[in-house]
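Open the model in your viewer and keep the selection tool handy. We will take a short walk through it, one selection at a time.

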Amino acid sequence: MRQSKIKSETRSIATKSKSLRLSLTEGSRELLAVQKGSEPRYSLLVKGGRVIDPSQGISDELDVAISGSRVARLAKNIPESSAELVLDARGKIVTPGLIDLHVHVYDSATPLGIPPDPNCIAKGVTTAVDAGTSGAHTFPGLRRFIINVASTRIYALLNISTIGMTPNSFDNQWGELLDLRHANPRLAIQTIEKNRDVILGIKIRLGKNLSGEHDLQALKLAREAADAVQLPIMVHIGGTTSPLPKILAMLKKGDIVTHCYRASSEGILNEKGRVLPAAFKAGERGVHFDVGHGQGSFAFEVAEKAMAQGLLPGTISSDLHHYNVYGPVFDLATTLSKFLLLGMTLEQVIERATTNAARALTFPLGLGTLKEGAEADVAVFELREGNFDFVDTVKQKRRGQLKLVPAATVKSGAIYGGPTDPSQW
Ligand SMILES: [Zn+2]
């Protein structure tokens, strides 16, 4: 009782006089803080980088101050003494944590699945969307063994096929919808209703080896499920039995076409290299075009022609999986670098993996931004200059002068692999 009275008196003196001499009692830290004029107010300061945050139109040298799991402040010259931990980002690019809208991270349960953390959060991607690796029968495993335990924040698009992508590997090309009986809207709806916190849409893969002759019937079933739960469909296009305009005609505002620059039959270009009028029309009514690079779905030539005619990607995603993680995709940053050489600015490229990706699906958290109060997801990159050869999925090469290389990732205020990362305790 008496002790606390003494302490409170000391405190009141301390606040009145900055010249108070320090004493090594319990209250010394507060007294020291008063003498210095500041107690660390932030848990982390990302210091001195060039911040690119398209959600606020920012591209400038700024510090990012974080309190707990939230962005507290974005300003120039925030003193290092105001933070418990400082991440030196001088000479580097600082962005909101990237969102990769198309990955396959159902590790060990599907041939395409890769472990999320070494390939996503370790590479600047704080949020990844598993695009249809699981269906109604296999989603519980994705949730229990991957989503619940990964450091990467993972959401899912549920495959309309109950078996998800279990059958499909390099040595077994036959996909999940060759037997249309696997497409089950009722089970998809049931699974989504139980898992709305992590399932953000429906995924369907169309193509001769995936959905055979009945691609439109399969898409109709996906449409039925998506409309019932009021979520978008992501459609994998290319190499279909049905012409692409018929597929696009079934898509609505908010639906996503992935593999938009794929070099294959029934891609977005006609035989003369012109963008199909149906693709422009789909874009006008709010269908969203996503890159989904993948192992067979991104050709420089298609991208160059389509972009020259005005069909730009809404989002840039990697479609990272087992058969492309050691090339030609490697990671999302490499895919973004390919769009730098295609003529987009750094700001435009970052926008497509942050702001635009955050808008493409209804994420429960406000992601893809460094606005004050937002979830403190931050990615730090080196922007290397030199001559870099990049390869697409038809083995065409292009040389670029810039390459984004991941340097550090902060998720919800903790540096991944760093001293405040809860998974390291
Ligand atoms: Zn994919």
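Before the first stop, a word on how helix packing is described here: axes are lines fitted to C-alpha atoms, for helices over the stretch in contact, and the angle is taken between N-to-C directions. Keep in mind that this is a predicted model.

Start with the whole protein on screen. Its secondary structure comes to 13 helices and 15 strands, and buried residues make up 51% of its 425 residues. Of the contacts between residues at least 6 apart in sequence, 72% join residues at least 24 apart.

Next, select residues 185-194, helix H5, together with residues 215-229, helix H7. Their axes lie 9 Å apart and pack at an angle of about 30°. Angles under 35 degrees count as roughly parallel, and H5 and H7 are therefore roughly parallel to each other. H5 passes H7 in a right-handed crossing. To see the contact itself, show the side chains of Pro185, Ala188, Ile189, Ile192 and Glu193 on H5, and of Leu221, Glu224, Ala225, Ala228 and Val229 on H7. Colour them by type and you will find eight nonpolar, no polar and two charged.

Now move to residues 332-341, helix H11. How many of its ten residues are buried? Nine are, so the helix is mostly covered; among them are Leu332, Thr334, Lys338 and Phe339.

Definitions and conventions: Residues are numbered from 1 along each chain as its sequence is written. This is a predicted model: local features need pLDDT of at least 70, side-chain atom pairs count only at pLDDT 80 or more; totals for chains, interfaces and linings use all residues. Axes are lines fitted to C-alpha atoms, for helices over the stretch in contact, and angles run from 0 to 180 degrees between N-to-C directions. Helices (H or I, at least four residues) and strands (E, at least two) are DSSP runs, numbered from the N terminus. Angles under 35 degrees count as roughly parallel, over 145 as roughly antiparallel, 65 to 115 as roughly perpendicular and the rest as oblique. A crossing is left-handed if the near helix is turned anticlockwise from the far one by less than a right angle, and right-handed if clockwise. Two residues are in contact if their C-beta atoms, placed from the backbone, lie within 7 Å. Ala, Val, Leu, Ile, Met, Phe, Trp, Tyr, Cys and Pro count as nonpolar, Asp, Glu, Lys and Arg as charged, and the others, Gly among them, as polar. A residue is buried if 20 or more other C-beta atoms lie within 10 Å of its own, exposed if 12 or fewer, and partly exposed in between; C-beta atoms are placed from the backbone.
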